[in-house]
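Thanks, everyone. I'll keep this brief and talk about side-chain packing. Please bring the structure up.

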Amino acid sequence: MTGPSPVGARFFVDAWDPAYGASFEAAGGSGPAAPSSAQVDADVELPATDWRAIGPRAGVRAPDVVLLVDGVRRIDASVWTAEEDGGSFPGIAASYAAGVVRCDLDRGAAEMAGSRVGRGLFTASPSAQDVVAGTVRYPVHRVSGTGELSKLPAAVQAPLTALEVAVSDAVRTDGDLLVVDGPLRSRRNLPRTLGYIKTQHSQYLDARLTAVVTGLAPGERCPVFRLGTAWGGWSWYLRLPVRAGAPWAGIVRVECSADLTVPEAIALADLSLVTLPRFASTPYKDPRAPQNLVPIAGLERRLRGMLGDARLLHRVLTAAARGMRR
């Protein structure tokens, strides 16, 4: 065994299991990837020149009920159609599921409050029909364009999002807080809803404001700013409980609807700071700690189990395809 290597530039080991990628997509290894072209208004809660870390405000308490919603998806098989003119279109048979965990903070209890499973055959083929594989049906979801195989997995997001909205709408009550795992996208009209982004792909802030974010202590957030992306909205970063490590360790981005007023957005940012850290995971329990929230991790496991046996579905899809060729 050799001795330690010579020390050069500092480096950090990401707490996430490498099988899940990284907690940030690095460009040069120091933070999120290439700067975003989105316009950013940083003079929302504080003037950009006065940006600083913000801690929990006095009198702000977590809501009694927090709903956390998430979805999972899986490609069961890749398929190709045989058109009458001799052409062919690629497709994917996919399964997806959405569920919501209801966390009663007053009682200290959490339970799955609703879940649904969907399946579909995603293809640009004009002749494709629903596929029935045993007792399982894959309805056709016709995609636009030429339907390249590499772009088909993204087509699953829209029906999955619709499923997430449906399961969360069914269990909402007055005064609760809904946390969506991932960007809000088309869910920005939902009341009292936060988008929770645990992996940072884009760098929205300039170097000086980014230094405020990477300098956050656990349990602190940066001021609210506005993103001028296609979906738009108010956003802020906060750091979850985490041991000292890489500059972006434990950093998540949170967003809410652009339809809210500035005071309403700030109130949600304050609420997130006293709510989200209590759900943070720990490294010995979760390979994506602390960003993968404990209720979400449990929900993901339940939902993947609801998708059914992937090998069995692949076999019945293969059998169904053979039957259609006879």
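Which residue lies over the face of W234? R226 does, at 4.7 Å from the ring centre. Keep in mind that this is a predicted model.

Now the aromatics. The structure holds three aromatic pairs. Take F225 and Y237. Their ring centres are 5.9 Å apart and their planes sit at 25°; under 30 degrees counts as stacked, so this pair is stacked. F225 belongs to strand 10, residues 225–227, and Y237 to strand 11, residues 233–239, so the pair ties together parts 12 residues apart in sequence. F225 has 0% relative accessibility, so it counts as buried. Y237 is buried too, at 1%.

Next, Y237 with W248. Here the centres are 5.6 Å apart and the planes are at 75°, so the pair is edge-to-face. Y237 is in strand 11, while W248 is in the loop between strand 11 and strand 12 (251–256), 11 residues away. W248 is buried, with a relative accessible area of 5%.

On to the core. The largest nonpolar core has 53 residues. W51, W236 and Y237 have the most contacts inside it. Helix 3, residues 262–275, gives the most to this core: seven residues.

What does W51 touch, leaving aside neighbours within four places in sequence? Its contacts include L46, L205, L209, V212, P223 and F225.

There is also a second, separate core of 21 residues. V69, A94, V100 and L163 are among them.

How values were computed: Residues are numbered from 1 along each chain as its sequence is written. This is a predicted model: local features need pLDDT of at least 70, side-chain atom pairs count only at pLDDT 80 or more; totals for chains, interfaces and linings use all residues. Side-chain values use heavy atoms; hydrogens and water are left out. A nonpolar core is a set of buried Ala, Val, Leu, Ile, Met, Phe, Trp, Tyr and Cys residues joined through side-chain atoms within 4.5 Å. Buried means under 20% relative accessible area, exposed over 50%, partly exposed in between (1.4 Å probe, protein chains only). Helices (H or I, at least four residues) and strands (E, at least two) are DSSP runs, numbered from the N terminus. Contact means heavy atoms within 4.5 Å. Rings of Phe, Tyr and Trp (its six-membered ring) pair if their centres lie within 6.5 Å; planes under 30 degrees apart count as stacked, over 60 as edge-to-face and the rest as tilted. A charge sits over a ring if NZ of Lys or CZ of Arg is within 6 Å of the ring centre and within 35 degrees of the ring normal.
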